[in-house]
Amino acid sequence: MEHRSSIEIKTEWDIVAARQLGRNEAKSTGFGTVDQARITTAISELARNIYLYAGKGRIEIVPITVGVRVGLLITATDEGPGISDLQKVMTDGYTTSGGLGAGMPGVKRLMDDFRVETEVGVGTTITATKWLH
Amino acid sequence: MNEVMRKGIVENIDTITTRWVEEMKENADERFLELMPAPVVATTSREFTELMTSNLTYRDTVDKARLDEFTEKIIHFGWSIKFINRAIDTFSSVVYNLFFETGILQESNLREGINIFSNWINPLRESIIEEYSTKWERTDILQKIALQELSASLIPVFDKISVMPLVGTIDTERAKLIMENLLEGVVKQRAEVVLLDITGVPVVDTMVAHHIIQAADAVRLVGAKCMLVGIRPEIAQTIVTLGINLTDFSTTSTLRRGMQKALEMTGRTIVEEEM
């Protein structure tokens, strides 16, 4: 099998594939079990959001080095409906799907850097980085 | 013409096989031809070319048994369907070129030749791909059934106490199954305390947590208590960071401690007997 660092999210099982890939990448980057769990969970949330709200999209997981810092960069892209009220989405407990409403703010807390670019009707790109300390 | 072509292939089968292997090595982006030991490559290629020529003699009938055996084998090798398709394409172009070299095909009989060619290769391609996808579909179904069998059974351990060990990924479908089995089991087993063991769940994200909370609420409605056990340290940390509220739950790190607690809740304790 060729080396794949990106997973197309179309079905619920692609979420499993994405976080499996994330776990492997996290492990080989040198993260401990707690951070591995954090990264895998964050990927799971991002992938599920793609599946639930955009229908399809892509999760990319890339090891990065900036200066002396090593980390894992996760990019979630979709061409879905976009997020109309980002502030609301980032509030704990806000949900439109009947879930817990902890996903997006949770991912932000699980990761070190977190950025959302979104435009209604165009799509959403979320980048999140975890640094190896 | 058929007979001439067949003879042409049989006589040149070694050349065809060698050229096919060479071209496949050059064009294929997949590495398994390199990974496969040379003798295996040789026999498999040989079998492939033999299979490819098997229906040329008796037109329109593909040797089912041989086809079956061969697909079984290539699936085992991990050949992808794309690779197989390319293998067939490469094979036909090798044979086509060889026919021109040997003069079996010429400008004059090109039309007839191409006709025979497509009548020969296309059904073969269809049967190979069909056979291949049927095999995969079967594997897929079997795995789904196997996964379902692994899912969520409620085990009565003591009077009034039942345990449900959860192993593996929880998706929407499984979550539904868990809920059903849980509620049905609680009523049937007259359980008062149910222990949900998540030791074997690799990731607890908000969706999994949501399903667990819902299951616990439902259990409460039928008059029993739900306890979450087997929370690994790293899972505990992620749950806290995610901001999931599990304070309504009684939780423990291991099934053993959960069991002790459950016995206490039902007014019993484990007493060591002096021998």
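# Two sheets and a chain contact

β1(A) and β2(A) pair in the antiparallel sense, and four bridges hold the pairing. The model is a predicted one. In chain A, five strands make up an open sheet, and in chain B there is also an open sheet of five strands. Chain A and chain B touch, with 21 residues of chain A and 17 residues of chain B in the contact.

**The sheet of chain A**

- The strand order is β1-β2-β3-β5-β4 in chain A, and the pairing is antiparallel.
- Which strands of chain A pair on one side only? The edge strands do so, and these are β1 (6-9) and β4 (113-119) of chain A.
- From one strand to the next, the twist of this sheet averages 15°.
- β2(A) and β3(A) pair in the antiparallel sense over 10 bridges.
- Ile61(A) has Ile74(A), in β3(A), as its bridge partner.
- β2(A) and β3(A) form a hairpin, with two residues between the strands. Gly67(A) lies in the turn and has a positive phi of about 65°.
- Strand β3 (residues 69-78) of chain A is joined to strand β5 (residues 123-132) of chain A by nine bridges, and the two run antiparallel.
- Leu72(A) has Lys130(A) of β5(A) opposite.
- In a regular strand, side chains alternate between the two faces of the sheet.

**Helices on the sheet of chain A**

- Helix α1 (residues 12-29) of chain A packs on the sheet and touches β1, β2 (57-66), β3 and β5 of chain A. The direction of α1 makes about 165° with that of β1(A).
- Helix α2 (residues 33-54) of chain A lies across β1, β2, β3 and β5 of chain A. Helix α2 runs at about 15° to β3(A).

**Where chain A meets chain B**

- Helix α4 (residues 103-110) of chain A packs against helix α10 (residues 233-242) of chain B at an angle of about 120°, and their axes are 8 Å apart. Because of this angle, α4(A) is oblique to α10(B).
- On the α4(A) side, the contact is made by Gly106(A), Arg109(A) and Leu110(A). On the α10(B) side, Thr238(B), Thr241(B) and Leu242(B) take part.
- The contact of α4(A) with α10(B) has two nonpolar, three polar and one charged residues.

**Domains and a helix pair in chain B**

- The domain assignment of chain B gives domain 1 (2-146) and domain 2 (155-265).
- The centres of domain 1 and domain 2 of chain B, taken over C-alpha atoms, are separated by 53 Å.
- Helix α6 (residues 81-102) and helix α7 (residues 110-150) of chain B pack at an angle of about 165°, with their axes 11 Å apart. α6(B) is therefore roughly antiparallel to α7(B).
- The crossing of α6(B) and α7(B) is right-handed.
- From α6(B), the residues Ile81(B), Ile84(B), Ile88(B) and Ser92(B) meet residues of α7(B), among them Phe117(B), Ile121(B) and Arg125(B).
- The contact of α6(B) with α7(B) consists of eight nonpolar residues, one polar and one charged.

**The sheet of chain B**

- The strand order is β1-β2-β3-β4-β5 in chain B, and the pairing is mixed.
- The edge strands are β1 (155-158) and β5 (250-252) of chain B, each pairing on one side only.
- The twist of this sheet averages 30° from one strand to the next.
- Strand β4 (residues 225-229) of chain B pairs with β5(B) in the parallel sense, over three bridges.
- Opposite Leu228(B) stands Thr251(B), in β5(B).
- Helix α8 (residues 172-188) of chain B packs on the sheet and touches β2 (161-167) and β3 (193-200) of chain B. The direction of α8 makes about 165° with that of β2(B).
- Helix α9 (residues 206-221) of chain B also packs on the sheet, touching β3 and β4 of chain B. The direction of α9 makes about 150° with that of β4(B).

Conventions: Residues are numbered from 1 along each chain as its sequence is written. Chains are lettered from A and ligands numbered from 1 in the order in which they are written. This is a predicted model: local features need pLDDT of at least 70, side-chain atom pairs count only at pLDDT 80 or more; totals for chains, interfaces and linings use all residues. Axes are lines fitted to C-alpha atoms, for helices over the stretch in contact, and angles run from 0 to 180 degrees between N-to-C directions. Angles under 35 degrees count as roughly parallel, over 145 as roughly antiparallel, 65 to 115 as roughly perpendicular and the rest as oblique. Two residues are in contact if their C-beta atoms, placed from the backbone, lie within 7 Å. Ala, Val, Leu, Ile, Met, Phe, Trp, Tyr, Cys and Pro count as nonpolar, Asp, Glu, Lys and Arg as charged, and the others, Gly among them, as polar. Two strands pair if DSSP finds at least two bridges between them. Domain bounds come from an automatic or database domain assignment. A crossing is left-handed if the near helix is turned anticlockwise from the far one by less than a right angle, and right-handed if clockwise.
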